Amino acid sequence: MNLGVFLSVPATPTLSLCHPFKKVMQLTSLISNTNNGVYFFPKCAVKQEHNPIPQKQEQWKLLKSLAPPLMAAALALSPICITPVSHAQTIDVQRGAALFRTTCIGCHDTGGNIIQPGATLFTKDLKRNGVDTEEEIYRVTSFGKGRMPGFGQNCTPRGQCTFGARLQDEDIKLLAEFVKLQADQDWTNSLSNE
């Protein structure tokens with residue numbers, strides 16, 4: 001019947017790199033009578049610990065391998081990753097707002113429509129009328145539709161087009177972007193009144 005563990009230790013205790021000083025001192029305090037450097041300890045007195053360093057190294061390796069994809073996912077889903085509006089985009093919005101004020105606000109003040117109430121520039125009416133994309137807004141602005149005159153250089157027939165100044169394609173594109181942006185924001189941040 002094996003009730004204990006035999007250890008062979010030197011008569012004078014030495015510090016080992018594997019054990020902290022305190023544990024060596026506790027171990028030496030358990031030593032009773034010596035007999036040629038062989039000591040008998042009950043199993044409960046000898047705590048067999050595994051070395052935590054390899055486990056910590058494995059955890060660190062796992063963490064290091066997961067860090068890049070986790071950071072990428074966090075950044076991709078984070079609100080701080082929303083691309084800030086560039087200076088050029090801000091200028092385009094301002095130019096679109098200025099064009100809207102000079103060309104469209106007479107009928108479409110704050111996204112409404114004083115001529116035809118069911119044809120507002122709010123998303124609900126734009127969708128119902130099939131004009132809910134920048135491309136469709138560009139097309140209607142350029143060539144007209146129903147009671148709305150076209151403002152493009154190539155607008156025909158003459159009765160469907162504005163009697164005022166015609167707009168360049170780039171200006172109509174800016175107007176379409178501005179109207180779509182405002183419709184997406186429900187015209188709550190309208191720059192058309194500034």
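**Close-up views: salt bridges and cysteines**

**View 1. Glu177 is partly exposed, with a relative accessible area of 26%.** Here, buried means under 20% relative accessible area, exposed means over 50%, and partly exposed lies in between (1.4 Å probe, protein chains only). Lys173 also counts as partly exposed, at 42% relative accessibility. Glu177 and Lys173 form a salt bridge, and their closest N and O atoms are 3.9 Å apart. A salt bridge is a side-chain nitrogen of Lys or Arg within 4 Å of a carboxyl oxygen of Asp or Glu. Both residues lie in helix α7, four residues apart, about one turn of the helix. Helices (H or I, at least four residues) and strands (E, at least two) are DSSP runs, numbered from the N terminus.

The model shown is predicted: local features need pLDDT of at least 70, side-chain atom pairs count only at pLDDT 80 or more, and totals for chains, interfaces and linings use all residues. Residues are numbered from 1 along each chain as its sequence is written, and side-chain values use heavy atoms, with hydrogens and water left out.

**View 2. Asp184 and Lys180 meet through their side chains in a salt bridge.** The N to O distance is 3.1 Å. Helix α7 holds both Asp184 and Lys180, which are four residues apart, about one turn of the helix.

**View 3. A salt bridge joins Asp171 and Arg95.** The closest N and O atoms of the two residues are 3.8 Å apart. Asp171 lies in helix α7 (residues 169–184) and Arg95 in helix α3 (residues 87–103), so the pair ties together parts that are 76 residues apart in sequence. Asp171 counts as buried, at 18% relative accessibility, whereas Arg95 counts as partly exposed, at 38%. Side chains of opposite charge can pair when their charged atoms come close. The count of salt bridges comes to five.

**View 4. Cys155 and Cys161 form a disulfide.** The structure holds one disulfide, a term used for a pair of cysteine sulfur atoms within 2.5 Å. A disulfide is a covalent bond between the sulfur atoms of two cysteines. The sulfur atoms of Cys155 and Cys161 are 2.0 Å apart. The link is left-handed, with -95° about the S-S bond, and both cysteines are buried.

View 5. Cys104 is buried, with a relative accessible area of 12%. Cys107 is partly exposed, with 32%.
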